[in-house]
Amino acid sequence: MKRSLILLFLFLPASLAWGQCRPTGARVCVAGDDITQVWVNGAYLGQREFCDGRSGCGPGKLCLPMDLDLIQGPLICLTLRTENNNPTRVYTSWELEVDCEGRPPFVMNSSDPVKSQIRLYWDPNGGGSCGAGAAPLSDESGHSWMLFQYDPASNPFSRTGVPISANTYTAAQIRSAQTGDLLPYLSYDTSANGSGPSQGCGVLYWRQVAAPPHFLPTYSPTPYLTPTPTRSTTPTPTATRSPTPFIPWTPTRTWTRWPTFTPWPRLVPTATPWALPTRAQAWPTLPPMVMPAPRPTDTPIPLPAVPVYAPPVSLPRAAVPTPMPRVQAVPTQVPVQAPQARPQGMPRGLPPAERTETLVFSTFPAAFLVTFDTGPGHYQLEVVDAKLKAVEVIYDHKVTNEQNAWVEWDGKNKMRYDMPVGQYYVVYFKDRKPIKTLPIAKTNPPR
């Protein structure tokens with residue numbers, strides 16, 4: 001009975017055999033020649049370079065960690081770009097692994113390109129000393145080739161990768177976590193020879209789309225602690241009797257002096273002068289006073305007569321100026337055109353967005369594809385933050401014809417300090433005039 005169930009499970013379709021998976025971790029392992037960049041559902045994970053198997057190429061040199069939020073969708077789109085910089089081979093092998101709790105891992109790899117529907121776009125004019133080349137353009141809906149919604153009318157991914165039979169020298173190989181077999185290297189043909197001078201150029205663009213199993217949410221156990229009643233005894237204070245010291249009485253002779261009385265000082269009131277009103281005329285001139293001869297202290301001294309003061313004179317009140325009427329300017333009402341609708345979340349002051357989705361990067365330097373399709377001119381790409389404050393200019397060149405280019409941002413500002421996690425925008429300038437905006441976001445690297 002057990003043997004029949006095992007055989008039934010092996011012959012079930014992939015979606016039914018996997019059933020459900022509670023993911024506990026995810027990664028993408030890459031081995032190739034020479035430089036391979038990796039995206040999952042449009043999110044850039046990073047790059048891996050050629051690794052010599054004789055020097056030891058473990059998961060730390062071949063694998064890139066992946067956030068579990070990138071695989072919570074109907075499809076998983078794994079895209080890779082392998083650039084040949086050194087003669088004379090160009091090839092790639094990979095595996096996307098999702099660890100499942102209590103089950104074998106879910107994998108997407110390069111073991112069977114025909115069965116896995118691995119599509120290839122071969123660019124012989126890019127990489128190495130051959131220039132930027134021609135990357136796949138976005139489709140009519142603006143979807144990039146790194147998204148699973150990518151559906152162009154003229155699909156450049158018209159080839160199927162084939163295993164190579166050429167000697168790969170000492171390049172490291174990836175062993176599948178599901179079967180334990182070594183994954184073969186794929187290229188555009190069995191020779192995997194590069195193009196250009198000394199066969200040192202050529203770029204491989206890979207796309208692999210698969211339906212993942214139903215991922216269950218990962219629950220974190222919440223500990224519940226049951227409080228234990230604790231009885232604490234409050235000590236009752238005990239009165240301590242202190243013996244009262246007995247002081248024997250000893251008679252002491254004391255002498256008391258008679259108190260000396262000090263008379264209180266006599267307070268003399270100080271006269272406060274009163275403010276005198278302003279007089280219309282000057283003070284009268286008094287004749288000089290003749291001092292009489294000294295007399296005994298008991299004889300009163302006659303005082304001179306004080307003149308009678310004139311009443312205060314009322315000054316005329318100053319005339320109050322007549323207020324002048326103020327002229328109030330009434331603005332002329334001019335019809336204002338209604339502003340154009342902007343994408344939700346875009347701050348005012350930015351040109352129109354190039355695409356509706358936001359490119360999310362967690363590992364830097366981050367590379368993304370830009371298109372110069374508005375004619376020849378001097379193009380500049382500048383990164384600004386959510387408050388429209390300039391961060392760094394990442395592209396400053398003169399373009400003579402319509403072309404594409406890969407542009408990198410290292411996640412730092414022009415002072416070479418790391419920028420915090422948040423929303424950013426790449427503003428396109430043509431001849432010092434803003435023409436469009438590319439929304440990007442910086443997140444914490446996965447642990």
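A pocket here is an open set of grid points with protein on both sides within 12 Å along at least five of seven lines, and its lining residues have an atom within 4 Å of a point. Keep that in mind as we look around this predicted model.

**The second largest pocket**

The second largest pocket is lined by 15 residues. Closest to its centre lie Leu-137, Ser-138, Glu-354, Arg-355 and Thr-371. Its volume and the make-up of its lining are set out below.

| Feature of the second largest pocket | Value |
|---|---|
| Volume | about 270 Å³ |
| Nonpolar lining | 6 residues |
| Polar lining | 4 residues |

**The nonpolar cores**

Now to the inside of the protein. The largest nonpolar core brings together 33 residues, and Phe-368 and Leu-381 have the most contacts within it. Several strands supply two or more residues each, including E13 (203–210), E17 (377–385) and E21 (433–442). Strand E16 is the biggest contributor, giving 5 residues.

Another core, of 28 residues, lies apart from the largest one, and Val-90, Cys-100, Leu-186 and Trp-206 are among its members.

**The protein as a whole**

Stepping back, the protein has 3 helices and 21 strands. Of its 447 residues, 34% count as buried. Among contacts between residues at least 6 apart in sequence, 70% join residues at least 24 apart. The accessible surface comes to about 31,500 Å², with 58% of that belonging to carbon and sulfur atoms.

Technical notes. Residues are numbered from 1 along each chain as its sequence is written. This is a predicted model: local features need pLDDT of at least 70, side-chain atom pairs count only at pLDDT 80 or more; totals for chains, interfaces and linings use all residues. Side-chain values use heavy atoms; hydrogens and water are left out. On a 1 Å grid over the protein atoms alone, a cavity is a set of points where a 1.4 Å probe fits but cannot get out, and a pocket is an open set with protein on both sides within 12 Å along at least five of seven lines; lining residues have an atom within 4 Å of a point. Grid points are joined across faces, edges and corners, and a volume is the space filled by probe spheres set on the points. Ala, Val, Leu, Ile, Met, Phe, Trp, Tyr, Cys and Pro count as nonpolar, Asp, Glu, Lys and Arg as charged, and the others, Gly among them, as polar. A nonpolar core is a set of buried Ala, Val, Leu, Ile, Met, Phe, Trp, Tyr and Cys residues joined through side-chain atoms within 4.5 Å. Buried means under 20% relative accessible area, exposed over 50%, partly exposed in between (1.4 Å probe, protein chains only). Helices (H or I, at least four residues) and strands (E, at least two) are DSSP runs, numbered from the N terminus. Contact means heavy atoms within 4.5 Å. Accessible areas come from the Shrake-Rupley method with a 1.4 Å probe; for residues, only the protein chains shown count as cover.
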